[in-house]
Amino acid sequence: MRDDRLADIIAAHHHREGALLPILNDVQAAFGCVDEDAMRSIAAALNLSRAEVHGVVSFYHDYKAKADPRPVLKLCRAEACQARGVEALVAGAEKAAGERVHIETVYCLGLCSVGPAAMANGNVHARLDGNRLTALIEAL
């Protein structure tokens, strides 16, 4: 089943120019990770070395080597969000998340003027305060 889904993802993008990133994005979304087996299959399909594919996977933080079943909250901790008070929210967010939600630090969600900002389930949330951030985490 997994091999069939991986083959379908590769086939959907195989003939595109610059197919590697769209394939990696779809593999990460489908399986929660881009593991060694997937990297080998992608490399073979695109006539790339496994090292080339691994280099791209290891460069981007969104690609994970192992799936984590927990929901992810990406919390921006870049300078603009720091200036707008994100650091004061971190302890409360970590407490609300516990072991149930993975909080991942990112360094820009493109909402610098309306921070602190976070992303959950592909949706961005701005102007966060302690209560809004806790509610967001609890809704995951």
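Predicted model: local features only at pLDDT ≥ 70, side-chain atom pairs only at ≥ 80, totals over all residues.
Buried means under 20% relative accessible area, so Tyr63, at 9%, counts as buried. The structure has an open sheet of four strands, two aromatic pairs and zero disulfides. Let's take these topics one at a time, with a few single residues along the way.

**The sheet**

- The four strands line up in the order E2-E1-E3-E4, and their pairing is mixed.
- At the edges sit strand E2 (102–106) and strand E4 (123–125), each of which pairs on one side only.
- From one strand to the next, the twist averages 25°.
- As background, strands of a sheet pair through backbone hydrogen bonds, and they can do this in a parallel or an antiparallel way.
- E1 and E2 are a parallel pair, joined over five bridges. Within this pairing, Cys76 has Val106 in E2 as its bridge partner.
- E1 and E3 run antiparallel and are joined by three bridges. Here Leu75 stands opposite Ala118 in E3.
- Strand E3 (residues 118–120) pairs with E4 in the antiparallel sense, again over three bridges. Ala120 faces Asn123 of E4 across this pairing.
- Which helix lies across the strands E1, E2, E3 and E4? Helix H7 (residues 130–139) does, running at about 155° to E1.

**Strand E1 and Lys74**

- E1 is mostly covered, with four of its five residues buried.
- Lys74 is found in this strand, which spans residues 72–76.
- Is Lys74 buried or exposed? Its relative accessible area is 18%, so Lys74 is buried.
- The side chain of Lys74 makes a polar contact with the side chain of Asp62, at 2.5 Å.
- Setting aside residues up to four places away in sequence, Lys74 touches Asp62, Glu104, Val106, Leu109, Ala117, Ala118 and Met119.

- Pro71 belongs to the loop between helix H4 (50–59) and E1.
- With a relative accessible area of 26%, Pro71 is partly exposed.
- Pro71 and Leu140 are 69 residues apart along the chain, yet their C-alpha atoms are separated by 6.3 Å.
- Leaving out residues up to four places away in sequence, Pro71 touches Arg100, Val101, His102 and Leu140.

**An aromatic cluster**

- The structure holds two aromatic pairs.
- Together, the ring pairs link Phe59, Tyr60 and Tyr63 into a cluster.
- How do the members of this cluster stand in terms of accessibility? Phe59 is exposed at 57% relative accessibility, Tyr60 is partly exposed at 38%, and Tyr63 is buried at 9%.

**Cysteines without a disulfide**

- A disulfide is a covalent bond that joins the sulfur atoms of two cysteines.
- How many disulfides does a search of the whole structure find? The search finds zero.
- For Cys112, the nearest cysteine sulfur is that of Cys108, 3.9 Å away, and Cys112 is in no disulfide. The cut-off explains this, because a disulfide needs a pair of cysteine sulfur atoms within 2.5 Å.
- Cys112 is partly exposed, at 40% relative accessibility.
- Cys33, by contrast, is buried, with a relative accessible area of 8%.

**Asp35, between two helices**

- Where is Asp35 found? Asp35 is in the loop between helix H2 (20–31) and helix H3 (36–46).
- The Asp35 side chain reaches the backbone nitrogen of Ala38 at 2.9 Å.
- Apart from its neighbours within four places in sequence, Asp35 is in contact with Arg2 and Ala65.

Terms used
Residues numbered from 1 in each chain as written. Heavy atoms only, no water. Polar contact = N/O pair within 3.5 Å; in protein donor to acceptor, adjacent residues only side chain to side chain. Contact = heavy atoms within 4.5 Å. Buried < 20%, exposed > 50% of the residue type's maximum accessible area, 1.4 Å probe, protein only. Phe/Tyr/Trp six-rings, centres within 6.5 Å; stacked < 30°, edge-to-face > 60°. Pairing = 2+ DSSP bridges. Axes fitted to C-alpha atoms, helices over the stretch in contact; angles between N-to-C directions.
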